[in-house]
Structure formats: C-alpha cells, structure tokens
Amino acid sequence: MREIVADRSVAVVLALALFVNLGTGMVLPILPLYARSFGVDYAEAGLLVAAFYIARLVFDLTAGVVLDRLGIATAAAAGLLALSAGALFTGLSPSFPVAVFCWAIAGAGAAIVWAAMYNALIRFVPKSRMARALSLFYGAFNGGIVAGGFLGGLIAGRLGLPAPLFFLAAIAVGLAGLMRVLLPKRPRTAASPTASDPTATAPTGLSTVALFRIPGFAAAVIALLANLWMFGAVFNTLVPLYARDVLRLSPVGIGILFAVALAAEFLAYYPAGNWADTRGRRPVLIPAFACLALAALVLGWAGSVVLFGLLLSVLSVASGFSGVPPAAILADVLPGNRSARGVAIFRFGGDLGFSLGPLIAGFTAANLGFKAAFAIAGIPSVIALVVVALGRETLGAEAVT
C-alpha cells in the first residue's frame with residue numbers, strides 16, 4: 001500500500017475520491033426524501049436519483065475528449081465546478097422539474113471528475129497492483145460515502161432536507177481549486193510500442209467492436225453495470241424509501257443505517273483487492289455476485305430495523321467484493337496504448353446501471369411493492385454471474401501467488 005500511495009498522482013486521486021464522495025454521501029440518504037417533499041410518488045423520486053446518473057451516462061463518452069483537450073487537472077476542476085453549481089441550484093429549486101434539471105447538471109460534472117480519476121489510476125498504477133490500488137480508491141470512495149451518509153442525516157434533520165446539497169456545493173468548489181494545482185496538467189502519453197506488447201503499435205484507440213472482441217472486456221463492463229445497478233437501485237433508491245415508509249426511520253436513522261452498511265462494504269474492499277491480485281478476478285467475482293442476488297431477494301422481507309440492517313450489511317460486503325475486480329479486469333485486457341475509448345465504454349456501462357437501476361426500482365416499488373423491487377434489482381447480478389463464470393481469468397499467471 002505504501003508503494004501505491006507514494007505516487008503523488010495516485011495519492012491525490014484517492015484524496016479527491018474521499019472528499020468528493022463525502023459531499024455526495026451527504027446527499028444520497030436524503031435525495032429520495034427531498035424529491036418526495038415536492039409531492040411526487042416513488043417513481044418520480046427514482047427519476048430525481050437517476051437524473052444525476054443519466055447525465056453522467058451521456059457525458060461519459062465525451063469526457064475522454066475533454067481530458068485530451070484540457071488535461072486531467074483542468075478537466076477535473078471544470079467538472080467539480082459543474083457539480084457544485086448543479087448541487088447548489090438543486091437545493092434552491094422551486095419545483096421538481098427544475099430540481100431534476102439541476103441535479104442532471106451535477107451529474108454531467110461528475111462524469112468528467114470520474115473520467116479524470118479513472119484515467120489517472122489506469123495510467124499510473126502497474127497491473128500487478130491494480131486491484132489493490134482500486135481497493136484503496138473504492139475505500140476512499142466509500143469512506144467519504146460512510147462519513148457523508150451519517151453527516152447528511154444529521155444535517156438534514158437539523159437544517160432541512162436541502163441542506164446537504166449546499167454542503168456538497170461548498171466541498172466541490174474547494175476541491176476544484178486544489179485539483180487544478182495538484183493533479184497532473186496533462187495525461188501521460190502512451191508507452192512506446194515494444195515487441196512484447198504488439199497492441200501498443202496503434203497510436204489511437206481501438207474501435208468499439210474491436211474492444212468487445214477482446215476476451216474479458218465485455219465481462220468487465222457487465223460486471224461494473226451489475227454492481228452499480230445494485231448500488232443505484234438498492235442503496236440510493238429503495239433503502240431510504242423502505243427505511244422511512246416501512247421501518248419508520250427518521251432521516252438521522254436512515255443516515256446511521258447507510259453508515260453501517262457502507263462501513264461493511266468499506267471493510268471488504270482491501271481483502272477483495274488482495275485476493276483479486278493473488279488468486280484471480282473470477283474467484284472473487286463469482287461468489288460475490290451470487291451473494292448479491294440472494295441478499296437482494298430476501299431484503300424486502302425484513303420486518304425489523306435490526307434484520308434489515310444485518311441483511312443490508314451482507315449485501316454491502318458482497319457489493320465490495322464485486323466492485324473491485326471489474327476495473328482490474330479492464331486494466332488486464334486493455335491494449336498497451338490505454339484506449340481512452342475503452343475507459344469511456346467501461347464508465348458508460350457502469351453509469352447505465354446507475355441510471356436504469358433507480359428508475360426501474362422506483363417504478364417497481366410503486367407498482368409491485370418493495371419485495372418485488374428488491375428482487376428485480378438482483379437480476380443484473382445473476383446475468384453478471386453467468387457472464388463471468390463463462391469467461392476466462394484475465395490475471396496473468398505470473399502475478400498469481
């Protein structure tokens with residue numbers, strides 16, 4: 001771990017992940033409740049959650065162009081400013097449609113921020129340590145979410161439901177100035193072609209079709225989609241609504257529930273990264289997706305806060321183990337020229353899950369009830385389980401100990 005964080009570029013990315021998700025973590029527990037404060041139903045509450053990820057989805061495929069033109073540092077700063085403005089005006093929105101539009105602006109900014117972070121990690125971290133580096137990255141991500149979830153519940157309980165959005169806006173503005181100075185001004189150029197890396201001969205990225213022909217690339221995209229579908233549908237949408245409307249928890253109680261569940265996921269990250277780097281990506285992903293699907297199936301049957309919290313913690317651990325390996329697989333199989341298109345498609349797949357998950361979860365909760373909504377949220381995990389199980393291991397044999 002010391003070798004990984006000794007690289008200043010990587011350490012800055014970890015810090016950015018921690019603090020930007022501290023801000024977004026404050027918003028996650030209250031966003032569906034904030035939507036309901038406009039008098040909308042469950043499906044429309046899911047729309048507000050999804051607006052952020054739909055906008056991020058749309059801008060994922062153009063974020064690579066922004067990075068090439070502006071460099072990682074300037075692009076990250078611009079994305080953070082857009083995130084700040086979107087959060088601020090979402091909290092000030094006089095109507096639900098305005099809130100959806102403004103939250104979508106925040107999502108567009110987040111797309112650029114995430115592209116900058118992923119590109120920095122892919123470029124600077126050796127493949128043999130990629131999963132462990134990603135475990136630290138996701139650990140920083142979840143550390144911010146855990147702390148933010150607890151703080152967001154307290155802030156909303158004392159200052160009102162829009163207040164966490166204003167805190168996010170302030171954090172993003174401060175980070176924009178810091179990232180402009182601390183992150184590299186330009187992404188590193190691709191490595192020169194070598195005889196041992198024939199894929200590095202192409203100066204530009206591969207086509208989309210060529211990327212999906214690379215063994216393991218589709219599995220990486222589908223695994224990320226399934227993992228983030230679960231997070232968007234269950235954590236971001238169904239958990240706050242179920243906790244309030246069925247378990248009768250207050251915003252503070254929901255924030256505590258989020259903190260406990262995400263702390264369980266946080267503790268799973270480094271073991272997941274270590275095992276993925278030493279035992280392989282598939283031996284980590286296959287049982288993790290099986291556990292995700294089973295946990296989602298039974299979560300809607302929990303009738304007490306204690307049982308719901310225990311089941312949610314199990315699902316969180318499985319989410320941690322399924323969240324680390326997909327990007328490691330991506331780093332394993334991407335050609336030596338570090339195709340920007342490959343990273344963009346990978347992020348697009350993840351945000352597709354983040355976008356569709358809340359929409360379908362809100363719709364099914366409103367029309368079929370919470371039990372069906374939780375069960376349906378686990379279907380992408382079953383699909384990912386099958387795809388990964390039928391695929392091949394991508395970790396090099398020399399890296400296995």
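This report describes the overall fold, the salt bridges, the cysteines and a surface patch of one protein.

## Basis of the model

The structure is a predicted model, in which local features need pLDDT of at least 70 and side-chain atom pairs count only at pLDDT 80 or more, whereas totals for chains, interfaces and linings use all residues. Residues are numbered from 1 along each chain as its sequence is written, and side-chain values use heavy atoms, with hydrogens and water left out.

## Overall fold

The protein has 17 helices and zero strands, where helices (H or I, at least four residues) and strands (E, at least two) are DSSP runs numbered from the N terminus. Its radius of gyration is 20 Å, close to the 21 Å that the globule rule gives for 401 residues, so the protein is as compact as a globular protein of that length; the radius is taken over C-alpha atoms, and the rule is 2.2 Å times the number of residues to the power 0.38. Along the principal axes, the C-alpha atoms fill a box of roughly 65 × 40 × 40 Å.

Of the 401 residues, 57% are buried, a term that means under 20% relative accessible area, with exposed meaning over 50% and partly exposed lying in between (1.4 Å probe, protein chains only). Among contacts (heavy atoms within 4.5 Å) with a separation of 6 or more, 86% are between residues 24 or more positions apart. The accessible surface comes to about 14900 Å², of which 71% belongs to carbon and sulfur atoms; the areas come from the Shrake-Rupley method with a 1.4 Å probe, and for residues only the protein chains shown count as cover.

## Salt bridges

There are six salt bridges, each defined as a side-chain nitrogen of Lys or Arg within 4 Å of a carboxyl oxygen of Asp or Glu. One of them joins R56 and D351, whose closest N and O atoms are 2.5 Å apart. R56 lies in helix 4 (residues 42–70) and D351 in helix 15 (residues 340–368), so this pair ties together parts that are 295 residues apart in sequence. Both partners are buried, R56 at 4% relative accessibility and D351 at 0%.

R132, D277, R281 and D332 are linked in a network of salt bridges. Within it, R132 and D277 meet at 2.8 Å, N to O, and this pair links helix 7 (residues 130–159) with helix 11 (residues 251–278), 145 residues apart. D332 and R281 also meet at 2.8 Å, N to O, with D332 in helix 14 (residues 325–333) and R281 in the loop between helix 11 and helix 12 (282–299), 51 residues apart. R132 is partly exposed at 21%, while D277 is buried at 1%, D332 is buried at 16% and R281 is buried at 1%.

## Cysteines and the setting of T90

The structure holds zero disulfides, taken as pairs of cysteine sulfur atoms within 2.5 Å. C102 is buried, at 9% relative accessible area, whereas C291 is partly exposed, at 29%.

T90, in helix 5, is buried with a relative accessible area of 0%. Leaving aside neighbours within four places in sequence, T90 is in contact with Y34, A99, C102, W103 and L165.

## A nonpolar surface patch

L88, F89, L92, L159, F166 and F167 form a nonpolar patch with about 560 Å² of accessible area together. Patches are made of residues with over 30% relative accessible area and no salt bridge, like charges being joined within 9 Å and nonpolar side chains (Val, Leu, Ile, Met, Phe, Trp, Tyr) within 5 Å. Helix 5 (72–91) and helix 8 (163–182) each supply at least two residues of the patch. F167, in helix 8, is partly exposed at 36% relative accessibility.
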